[in-house]
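Open the model in your viewer and keep the selection panel at hand. We will go stop by stop.

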Amino acid sequence: MIELRAPLQAQLVQWLVKPGDVVAAGQPVVILEAMKMEHELRAERALRVADILVVEGETVQEHALLM
């Protein structure tokens, strides 16, 4: 199972995928905002999204499991 974790404390702005989506390596999956800067997280490798664990607008801690 592949996990996506927050690299820093931030607010989750927008999911770019949904459960069941097939994602290619390098594809953007989520946008986080920290200190008024947006951070786009990309898939490290091809995967299928199983679960999204954080809702848009929620603040997450560094290393929090997102998907």
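**Before you start.** This is a predicted model, in which local features need pLDDT of at least 70 and side-chain atom pairs count only at pLDDT 80 or more, while totals for chains, interfaces and linings use all residues. Residues are numbered from 1 along each chain as its sequence is written, and side-chain values use heavy atoms, with hydrogens and water left out.

**Stop 1: the sheet.** Show the cartoon. Look for an open sheet of four strands in the order β4-β3-β1-β6, with antiparallel pairing. Its edge strands are β4 and β6, each of which pairs on one side only. Strands here are DSSP runs (E, at least two residues), numbered from the N terminus. Two strands count as paired if DSSP finds at least two bridges between them.

**Stop 2: β1 against β6.** Select residues 10-15, which make up strand β1. Two bridges join β1 to β6, and the two run antiparallel. Now pick Gln 11; across from this residue, in β6, stands Thr 59.

Stop 3: Select 28-34 for β3 and 37-42 for β4. They pair in the antiparallel sense over six bridges. Highlight Leu 32 and find His 39 opposite, in β4. β3 and β4 form a hairpin, with two residues between them.

**Stop 4: Met 35.** Stay in the loop between β3 and β4, where Met 35 is found. Its phi is positive, about 55°, although Met 35 is not a glycine. Is Met 35 buried or exposed? Met 35 counts as exposed because its relative accessibility is 80%. The classes are buried (under 20% relative accessible area), exposed (over 50%) and partly exposed in between, with a 1.4 Å probe and protein chains only.

**Stop 5: His 63.** Move to the segment after β6 (59-60), where His 63 lies. His 63 is another residue other than glycine with a positive phi, near 75°. At 51% relative accessibility, His 63 counts as exposed.

**Stop 6: the largest pocket.** Select Met 1, Ile 2, Glu 3, Leu 4 and Met 67. Of the 16 lining residues, these lie nearest the centre of the largest pocket. A pocket is an open set of points on a 1 Å grid over the protein atoms alone, where a 1.4 Å probe fits, with protein on both sides within 12 Å along at least five of seven lines; lining residues have an atom within 4 Å of a point. Which kinds of residue make up the lining? Ten are nonpolar, six are charged and none is polar. Nonpolar covers Ala, Val, Leu, Ile, Met, Phe, Trp, Tyr, Cys and Pro; charged covers Asp, Glu, Lys and Arg; the others, Gly among them, are polar.
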